Amino acid sequence: LEPFVVSDIRIEGLSRISAGTVFNYLSINKGDRLTNEEAQQAIRALYNTKFFSDVELERDGSILVVKVVERPSIAKLTIRGNNDIKTDDLKKGLKDIGLTEGETFDRLAIDRVQQELIRQYYNRGKYNVSVIPHVTELDRNRVSIDIEIREGKVAKVKEVNIVGNTAFTDKEIEKDFETGTTNWLSWYSKNDQYSQDKLSGDLKKLQSYYMDRGYADFGLDSSQVTIAPDKRAMYITADVVQGDIYHISDTHLLGQLILPEDTLRKLVFVKNGDLFSRRAIEATSDSIKALLANIGYAFAKVNSVPKLDKDKHTVDVTWYIQPGPRVYVRRVIFQGNTRTEDDVLRREMRQLEGSWYSQAAIDRSKIRLQQLGFFKTVTIDKQVVPGSDDEVDLTVKVEEQSAGSLTFGVGYSQYSGIILSSSVSQNNFLGTGDRFSVSAERSDYLTQINAGYYNPFLTENGVGIGYNATFSRADYSNLGSQYASYSNSTKSFSTTLGIPVTDFDRISGSLGIGSTKINTYEGYTPQPLVDYINALGHQTIHSWTGSLSWVHDTRNSYWAPTHGGQLTATVSTALPGSTVQYWIFNGEANHYWPIGKGFVLYVDGKVAYGDTYGNQKYANTTSDYTPAGGGNAQVGYKAGQTVAFPFWMNFYAGGVTDVRGFQDNTLGPRVCAGVDTNGAPIKAQSNGYCPNSTYSYAQPVGGAFKVLGTTELYLPLPFLKDINTARVSLFVDVGQAYTNLQSFKFGGLDASAGISLHWQAPIGPLIISLGFPFRTQPGDSQYLERIQFTFGSQF
Amino acid sequence: CSWFRHNGDPLDTLPLPQLYAKAHNDLMHADYSAAEKAYQRLIARFPSGPFNQQAQLELAYAQYKNNKPDDAYSTVNRFIKANPLNDHVDYAYYLRGLINFDRTSGVIERAFASERTGAQTRRDQGFNLKAFDDFSELTRRFPDSAYSADARQRMIYLRNVLAQFEVNVADFYIRNKAYVAAADRAQYVIEHYQESPQAGDALAILCRSYLALGQKDLAAQTRSVLVLNYPDHPYLKDPKWPHSPSMLRKMIPFSGHY
Amino acid sequence: CHIVYTPDVAQGNLFDKTIDKNLADQLKPGLTKRQVLVLMGTPSVASPFDQNRWDYVSTYSHRGEKMTVNTMSLFFNNDTLVRTEGSLYMQDSLKLVKESNKYKTNYNVNDTSGDKNTNAGGDSGSGDSSSGGDDSNSKN
Amino acid sequence: CHSFKKENIQPPTPLAKDFVPTVKVAKVWTARVGHGAGDSGVRMQPAVVDGVLYAASTDGAVAAYDAATGKTLWEKKTRTHGWFGWGDKKRKDAFYSGGPAASGDLLVIGTLDGHVYGLSTKDGSERWITTLPSEVIDSPAIAGQLTVVRTQDGRVYGLDSGTGERRWVNDQGNVPLLSLRGNGPLLIANGVIFFGSDDGKLIALRLDNGEKLWEQKLASGEGRTDIDRMNDADGSVVLDGTSLYAAAYHGNLSAVDGPSGRQMWARPFSSYTSVAASGNSLFGVNDESQVWAFDKSSGADMWKSDALKYRWLTAPAVQGDYVVAGDIEGYVHWLQVGDGALAARERLSKKAIRAQPLVAGDMAYVVDVQGHIAAYRLGAK
């Protein structure tokens, strides 16, 4: 093709690709003198667009004719027979190589895909895999590709042999190897399936097993992996040279120490004469680094250099500390908060912009953000600011999750008939961080409307203000012996003020007014309750309520804490001037301990006690009566006696958030309804049966003193791995309600054990628990409830 | 007609022109998910037909309207890579910017927020930045396209939102008495968004934080620049200018924090 | 101090008693900006309108009390140091360590070994040792 | 046997039910030594020296039987594991894996834990132990005052037969990342040690100081995946006159001139185990368990038998004018030397047979994976 001036360009063979695209990549245009190597260059350019399988340049008079054959496009791509690698991971991988529906088909890509798949399967120990691509031509220059994979069985590890280990047996060393021979747990741990990176991880464990027990110049001579001819069995051999046991002779801290030497000395876990342990040496450098990072040295480097003295078998360890520059945080950037406002996140940060870098402050900020309960995950990482060597930007990536619940419920239960309930609660109302909830419930025995609002940041430093109003009318009378059947309707309004006292402690006080109207029904309501109201002389109880509570919270997350704990103490009183002046003390202490391998132990104790004060007197006397079976005269309430603790404020025990395995609010003292022939209240028999009373069983009336203890072990279950707000735990609950402090007796405690699932589902918190009471009081038997399920209630 | 012979989904059998007509019809009647399915079948069945490019563009629009911003974004990107010289490619760049234009805050937040920008200026600015870059690429590649004028308006709006975000953060640090942080943020606005109206607020905050830091002459310098450019700025009249709402107002629920 | 807790606000540059004792007298006029940067670090206040002046400000307000401000201003005439004014506020790093301990984050905060990943065997090791180590320092 | 359907490898060819043996085979005696090779995947061959058969197992049993009658002369058992690992530390382990080699009154066995035991052939009492750094899964070779042992990490050691001290070591052998289980047995002939290495070479070392004389590549060594690149020469080297015959996996069967190491002929033949020679023909089993016969002088193939395809055959051995081999389901097959037709079939046990049958005199001794030993004699037709 000798050079000529191109007057026009014509392209033949185009169907899918537009002429414009070819012109765009073609470096020749009208009026150019076309030389040979320009033509070559054009052909090469068109080829690496990968659109064409063949490109030819021809000359027709002074017109340049570009003949192209378009590569077929892929109409259909199917992958069959793969179960180790998920199909969509494969499809994504193929898309990067350019093999996806709609793309141009290129035979070289098929070959690369085949090799890549075989390599991936070899990595997973499936050495018998076969990958066969079938390409079928379709009309309109299209192809359909079907990749057939036959994975075959994975090669099982038949033997892991460590040679030369005289100090420890093979079994001791291979205890926490990931690779091993088949054992009863292999179906789940897959430890007998060979993979290269699992093996390299294990060899590192072998090395550190020795190095942590004094073998300073331990050497892994060589390791061989052999496979049986039928590629179904693999044998792993590791040859080790143990060397001798070394002890620490001396330790030095060199370099720029920033802090006085004795402060850093406290972080050195290694003392003279100790057995050499690499883990202890590394732990020392990590903790020195962590300490320096707390005071501004974000890029501190601490490397340990052990010097071995071969004949005395001692090691002289030196740590070189290079603190690097003092680092300042220039900007804190939040990412992922599409719903929560920036201020809500920034006010939780303890690391400010424009101040020196403190790892402790950053860790504390991460915990405070997690304690909000608005985010699934919070990750904070730092990037150096380009152009300056001592400034860093912090990026806080949050993944939001719904922090509230919107529930509509239509339920039916034979006691309360149709229950219509709806509740809206949002802990992060419109992203402003305020907590707002409105709930209404309508059923035969209960109509309740409750509204609450809390703004945690009235002032800049976190003084919070909240309002709460409830209106409820409960009539337990037709609830059978389930509850103490009396009806009370309460209206109350209160406002709270929360004041942070330290980073972990908060004191909040609240004031409110409320009125409760109690009416009891002769014969249905347990007699002491009826007498109490008559003695009191009032049916509507007005009260000024005031409460003071102190909370110390060091938990590291709201939904699934694994560290720290919470101490709360609350005193709420009906202030003087209320009809019944009482005070209630509520105390709770709990703590979480991660005990390694993913298990978390949780222990929680609750105490509640209430009493009246300011010796109010009963207004009138109720009649005395002598019990049917003789004995001294039962005295009802006498005018002039001091008022007892009001029964409608009594504490109950049992229920899904209390002692599991028992129905809600059914544990504690129980009293029969109605009076016998000569006016004495019917005494409940030991098994809770009430002779000739309207209800056959005694009704739980609760008590003024309640105690509850729970221990739970959260289990590391693989399938719950990525739902970080779901946890399964084994629990033991112990608790009981007593009429008053004096009637507490240790034998009276109820206890149950079982398993329970806590899940913050997108629509609201959900608890399912299976409880088996193993210590019950007489009369509890009819209140057992094996499976309990609650949904939407804040726990 | 067809359902007598029950030969499966009509999308698989319709010839090209009718299939495109059906898809286009669905799009016009705002039935975006049906339109999206129709366009996807059209592209898969007729990859090299005449309607292919138009279908890809309208698929992206349908996905955008069907509230699937991520799918729309990847479809538009594929369209731009496949046909860089198509005569509608400037619309593709414009659509790419539009997709991320109002993704910053959820629908409810925007409806309740005091004014439209209030919601956008207080949340993650990632999408605003991306939209700003996409629009600027459009105005750079096709300065005289029909969409560039509107794109420039949107860029100005986005820049003001970004500047307002920085000023909000600076205001937060002033309220929390972290004056060096407030000065840095204000300086960031002055350096990056000079022409935005928020630069005035930034200058005011910078001046106030210098005063708090005891830098009299730096504060005087900044104040003189403020007087020069924004003579009627509220800060000039009252030194405590960025007031946070009074304690009483904040005690009323839902009254907002700023 | 006030009973309502306000987190401490420490801003600006940090200098240390032990290391930066003789920093002030190393600041002889004639140094270039680059040398000052290496010596003192990035200035916390560098006004955009006055390139020839750098201020090393350090402020500290404990639990919302009055803020103490120390400034050292450096004056340049286009890239060489001319004179310095004011004094540096030297922090005591031991006090800073005690301050940072009150955040009680001496355990591995990113340790997600709760019920998240079962192969927590590895990090539970580091978890223990790091907390083990830090405990000792909070005692001092 | 395990199901092959999901295996994605060819299932073993089923044996013809109506098979009429053309030669009578008598099972002279059977015995069992410990649990044999167990899971160690080692091809443990017994040794027959002047009428006594010595066998060992990986769970610490060593026994000597009268080769003709099978009467147990002596047996020693050492427990390898204490009860639930109790007392493991004090116990000298005896995972015998390097099949016993005997000569004169010395019996040498290598173990999985890198020890080499020198026992007395009279009563199995211990004479010396040496410790080597890696597994010894290949039977040692005794040449008078020198015992040559080869370890899994590619090193070859010359030990003194009397005391077990290490005379010399040759450690140039490199072991590829992934190789076939098992090492090529050592062949000592007139002062030179011949063996196939794990990276597909036939190596000759001087007996007295272990230096390498020459090496000859048996396989090309390229391939895209690390499975294709595996070309162990795990089979034993056959000496016939001055020429050596050896095969490699994914490599070729080649004849090499002993003294010079020059390759006379080579033909592509991938085999994971040894070849056998008789008359002027060579017999081998390829990686699809087809039995082949080649002409010794030129390497041309004489016949190929597909009857036992995919049955994972052991290395063939020549007994009289029959070729004997064991398979994965515990059958022992005899094929005619002339045309490879199946001549006889016996079932040793249900377990796989991996080690090459050992022919001594007119008896063939076969050992299966679980340690069952059987001696077969071919009767008249």
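Strand E32 (residues 363–367) and strand E33 (residues 372–378) of chain D pair in the antiparallel sense over 5 bridges. Strands here are DSSP runs of E, at least two residues long, and helices are runs of H or I, at least four residues long, numbered from the N terminus. Two strands pair if DSSP finds at least two bridges between them. D:Val367 has D:Ile373 of E33(D) as its bridge partner.

This is a predicted model, in which local features need pLDDT of at least 70 and side-chain atom pairs pLDDT 80 or more, while totals for chains, interfaces and linings use all residues. Residues are numbered from 1 along each chain as written, chains are lettered from A and ligands numbered from 1 in written order, and side-chain values use heavy atoms, without hydrogens and water.

The pair belongs to an open antiparallel sheet of 4 strands in chain D, ordered E1-E33-E32-E31. E1 (25–32) and E31 (358–360) of chain D stand at the edges with a single partner strand each, so one side of each has no neighbour in the sheet.

Now turn to chains A and D. Here 39 residues of chain A contact 35 residues of chain D, with contact meaning heavy atoms within 4.5 Å. There are 2 salt bridges between these chains (a side-chain nitrogen of Lys or Arg within 4 Å of a carboxyl oxygen of Asp or Glu). D:Arg181 forms a salt bridge with A:Glu159, with the closest N and O atoms 3.5 Å apart.

Strand pairing also crosses between the chains. E10(A) pairs with strand E14 (residues 178–180) of chain D in the parallel sense, over 3 bridges. A:Thr226 has D:Ser179 of E14(D) as its bridge partner.
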